[in-house]
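Here is a friendly walk through one model, meant to be read with the coordinates open beside you. Please load the structure and follow along.

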Amino acid sequence: MATQPTIVIVVDDNPDFLKGAARLLTVHGFSVRTFNSAEALLEGNGVQTATCLLLDIHLGGISGIELQRRLAAAGSKCPVIFMTAVDDETTRKEAMTTGCIAYLRKPFEPQLLLDAIGKAAA
């Protein structure tokens, strides 16, 4: 029986980050879907197929934290990895309260992301 591919959904409003993350993850054998906003992900309705979500916290519209809350309220159990370039104690606590499996501060070492995805896929 074939194994299921690991599907990572990345949501970030920085197109350069999306491109770089997609390249990194594809090189490591992951299937990647990128979205430039929380709203685009919600409209795309593909969360149920994902192995995990990599969400930027500070997006232009709905924040990554609010996106996670909405998905959880809708019944999603998809593991979430939060990332942010603007790190502070309040944001970190709020992210952890929503049930993320990892919290990464940009810029982060690629291996930290790969390890977090491995944890999500386990």
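Contact here means heavy atoms within 4.5 Å. Leaving aside neighbours within four places in sequence, Thr6 is in contact with Phe30, Ser31, Thr51, Ile117 and Ala121. Thr6 lies in the segment before strand E1, where helices (H or I, at least four residues) and strands (E, at least two) are DSSP runs, numbered from the N terminus. With a relative accessible area of 19%, Thr6 is buried; buried means under 20% relative accessible area, exposed over 50% and partly exposed in between, with a 1.4 Å probe and protein chains only.

Some ground rules before going further. This is a predicted model, in which local features need pLDDT of at least 70 and side-chain atom pairs count only at pLDDT 80 or more, while totals for chains, interfaces and linings use all residues. Residues are numbered from 1 along each chain as its sequence is written, and side-chain values use heavy atoms, with hydrogens and water left out.

| Helix | Residues | Span, first to last C-alpha | Expected span |
|---|---|---|---|
| H1 (15-27) | 13 residues | 18 Å | 18 Å |
| H5 | twelve residues | 17 Å | 16 Å |

In H1, the buried residues include Phe17, Leu18, Ala21, Ala22 and Leu25. They cover an arc of only 130 degrees around the axis, which puts them on the same side of H1; the arc is that of the directions from the helix axis to the C-beta atoms. An α-helix has 3.6 residues a turn, so residues three or four places apart point the same way. On the other side of H1, Pro15, Asp16, Arg23 and Val27 are exposed. Among the elements covering the buried residues of H1 are strand E1 (7-11), strand E2 (31-35), E4 and helix H5 (110-121).

Both ends of H1 deserve a look. After H1 comes Gly29, whose phi is positive, near 90 degrees.

H5 buries Leu113, Leu114, Ala116, Ile117 and Ala120. They span an arc of only 160 degrees around the axis, which puts them on the same side of H5. Their cover includes E1, H1, E3, E4 and E5. Asp115 also sits in H5, but at 45% relative accessibility it counts as partly exposed.

**Cores**

A nonpolar core is a set of buried Ala, Val, Leu, Ile, Met, Phe, Trp, Tyr and Cys residues joined through side-chain atoms within 4.5 Å. Which members of the largest nonpolar core touch the most others? Of its 21 residues, these are Ile9, Val11, Leu41, Leu53, Leu55, Leu67 and Phe82. Two or more residues each come from E1, helix H2 (38-44), strand E3 (52-56), helix H3 (64-73) and E4. H3 gives the most to this core, with three residues. Apart from it lies another core, of 19 residues, among them Ala21, Leu54, Met83 and Phe108.

**An aromatic pair and a cis bond**

The whole structure holds one aromatic pair. Phe17 and Phe108 form it edge-to-face, 6.3 Å centre to centre with 70 degrees between the planes. Phe17 lies in helix H1 and Phe108 in the loop between strand E5 (102-105) and H5, so the pair ties together parts that are 91 residues apart in sequence. Rings of Phe, Tyr and Trp (its six-membered ring) pair if their centres lie within 6.5 Å; planes under 30 degrees apart count as stacked, over 60 as edge-to-face and the rest as tilted. Phe108 counts as buried at 16% relative accessibility.

Pro107 is found in that loop between E5 and H5, and a cis peptide bond joins Lys106 and Pro107, with omega about -10 degrees.

**Thr84**

Finally, Thr84 is found in strand E4 (residues 80-84) and is buried, with a relative accessible area of 0%. Its side chain reaches the backbone nitrogen of Val86 at 3.0 Å.

Key: A polar contact is a pair of N or O atoms within 3.5 Å; within protein, one must be able to donate a hydrogen and the other to accept it, and residues adjacent in sequence count only if both atoms are side-chain atoms. The expected span of a helix is 1.5 Å times one less than its number of residues.
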